[in-house]
4 protein chains.
Amino acid sequence: MPRTEKQFEQIREEKRDLIKSVALELFAKEGYYNTSISKIARGAKISKGLIYNYFESKEDLIKEIVFDGIDTFIEVFDPNKDGILTDDELEFFIGETFRILKSNTNYWRLYFSLLMQSNVYKLVGRRFLKLIIPLMKTLKNYLEWKGSKNPLVDVRLFAALMDGICLHYVLDPKDFPLDDIKERIFKLFTINN
Amino acid sequence: MPRTEKQFEQIREEKRDLIKSVALELFAKEGYYNTSISKIARGAKISKGLIYNYFESKEDLIKEIVFDGIDTFIEVFDPNKDGILTDDELEFFIGETFRILKSNTNYWRLYFSLLMQSNVYKLVGRRFLKLIIPLMKTLKNYLEWKGSKNPLVDVRLFAALMDGICLHYVLDPKDFPLDDIKERIFKLFTINN
Amino acid sequence: MPRTEKQFEQIREEKRDLIKSVALELFAKEGYYNTSISKIARGAKISKGLIYNYFESKEDLIKEIVFDGIDTFIEVFDPNKDGILTDDELEFFIGETFRILKSNTNYWRLYFSLLMQSNVYKLVGRRFLKLIIPLMKTLKNYLEWKGSKNPLVDVRLFAALMDGICLHYVLDPKDFPLDDIKERIFKLFTINN
Amino acid sequence: MPRTEKQFEQIREEKRDLIKSVALELFAKEGYYNTSISKIARGAKISKGLIYNYFESKEDLIKEIVFDGIDTFIEVFDPNKDGILTDDELEFFIGETFRILKSNTNYWRLYFSLLMQSNVYKLVGRRFLKLIIPLMKTLKNYLEWKGSKNPLVDVRLFAALMDGICLHYVLDPKDFPLDDIKERIFKLFTINN
DNA sequence: AATGAATGAGAATTCATTCAT
DNA sequence: CATGAATGAATTCTCATTCAT
């Protein structure tokens, strides 16, 4: 019995995901340039050629991986709401960020490593900004409401802090007191100052 | 009549510096792996071979560049004092960090980009930690004195924040309100909380 | 429809052999260091890169070539017999040695040329000795039986003579009276002296 | 007081010899291709450039070294005599050969190593033959007189044997019973057979 | 006579990508 | 859909040689 169109589609989808997950693992662990297509193929137990059946190029592959990560982020934080943040919502935001950080450490290490290569940044940064900007706007409103004298600066501060924590966490996840840090951040930004 | 020892010494010194500055520029702008020795040679208007007259390998070259940066940092912050931080000293520390960040933006972009490539991190991280650890200790004492309930966590928070700011700054220095941020950090960490 | 495992295996086998035979030819004629991978590739009408698909490095390539030659030798002379040599067996030994010399002149030129490069000797010498030592032991017994007063010295003499002949032969095979020499050696070492 | 022409000449001579002896040492120990001009200069504690003041090229340098060795050989064996060899003279010949071998082991190792690289052989071989041929002629007469049925073959045998011994000796001088071997050769070729 | 900085051709090696099967 | 042999451009690095001083 020949497979249906749909079954093929599903096989393709699974293969794509397999390749991407192996590639993410390797990119994050060994670096983008130290990870050859051969290694990925070996890791996924498929042939080199097949990868080109699913992705146009190595660059295309990493682009997809990064975009996927961004999309995960978007799904969680999609702010199609009212642009208004409550204390609870801020706590949720911080908590979710750290939860994703914990469960996708590899991805975020990769993300930061890529971010630093300006050519990749140009590629990916734009898309990331589109996601971040509305969040930042909402946050600005929130901080304004909280009495911040210079909410724009405080937003920057918040963003930098979050990224700094991500950075430190992915570099050495074992000893990082993520939960304590969460508490502190929450306090820092919810109290009226 | 042959050149004197001193003249050779000077030529070497100048060439080394030229190569390092061109390399730093390119490494930071295009990434370590996207910067070939050929490009560096072209940038410095010298031959490929000459670079190997001054540096044993590409790896040796980047190691020297990074160590130079660390040394600059050390010179400013060498804490063989009393291990005690006053409010003024903290302000000085933050201020100096940002001043160095501004004047060595390229270097710090490079530093972060390397940090993320685990193999390079192993190379450099150790040396950096040796510098950082005493600073962190001093800071811990300071925060304790300021009444921090969990100074270890606060030190982590501070370090992450500083790195986050550095990261954001090097990625987009133009629009970053570094001075305002400085104020905010200072306030955050000097008030009794 | 993809090629079967067996077809690939055969292609690989043939290509490996092609590369090895071209490389042997060139190594022997021009020397190891004067033979670049490019030259070998050109000689085999394949790309440089393909050679690395079959051999890990230039050193690996020559190692395989030399080991192949040793293996040929071992196949002929494998002395897991009784350790006893008759006159006929000695004649056979000498005859076979010269036959191999004639049919593998290139290989032996290469072998001698490598022998003299101490680093390569270390690589290969050990394996060769393993083969030679038992042969020499058998020969010593034989010469003892023939009445040699100092069989150890005579074994050395025999080995040196055989290698000297090989050396002269590979340097100028055209005019070398190999068959007459064979007779003489046989007489020299079979008569009681 | 300015140095005289002669003094300069002597300095030059000494430097040439220094360079050659260092180069011979290194060529023999590490191989021709593994010995860079830089290494030689370092070994002789002079500058790279100066070597080119004395020798046109690396090839020129090795050519001179090899020719020197041949000349040493010629000095000892120059057969401007009667072309007739007595038993005593043969013993002297063999003895001298081995004496030179012992005192110049490095040189002979180099010589053999070069011999095997056909391009060098072409360079040097001709000159060597000019030296060897008269010796071989004299030896042929001697062997004829001794009753050799095929003196040409015996000359070849003798030459091969001598080279074989040299080869084995330079490869592992420590354990080689050179003196015993000498006795055996002498007996082998002086007895009527 | 002497120096060593500088050159540039060429070496080994890697790897993304293609393509016949 | 799948394979892996094959390519070739690019990379790091070496080194004989030149030359200004």
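Of the atoms of DNA strand F within 4 Å of the protein, 65% are sugar or phosphate atoms, and the rest belong to bases. The structure is a predicted model, in which local features need pLDDT of at least 70, side-chain atom pairs count only at pLDDT 80 or more, and totals for chains, interfaces and linings use all residues. Residues are numbered from 1 along each chain as its sequence is written, chains are lettered from A and ligands numbered from 1 in the order in which they are written, and side-chain values use heavy atoms, with hydrogens and water left out.

Around DNA strand F there are 39 residues, of which Arg12(A), Arg12(C), Lys15(C), Tyr54(C) and Ile37(D) come nearest; a residue counts as near if one of its heavy atoms lies within 4 Å. This surface has 15 nonpolar, 13 polar and 11 charged residues.

The table lists polar pairs of N or O atoms within 3.5 Å.

| Protein atom | Atom of DNA strand F | Distance |
|---|---|---|
| Lys48(A), polar side-chain atom | base nitrogen | 3.3 Å |
| Tyr52(B), polar side-chain atom | phosphate oxygen | 2.9 Å |
| Ile37(D), backbone N or O atom | phosphate oxygen | 2.7 Å |

## Chains C and D

The same surface serves both copies, as 100% of the contact residues of chain D recur in chain C, contact meaning heavy atoms within 4.5 Å.

Methods
A polar contact is a pair of N or O atoms within 3.5 Å; within protein, one must be able to donate a hydrogen and the other to accept it, and residues adjacent in sequence count only if both atoms are side-chain atoms. Ala, Val, Leu, Ile, Met, Phe, Trp, Tyr, Cys and Pro count as nonpolar, Asp, Glu, Lys and Arg as charged, and the others, Gly among them, as polar.
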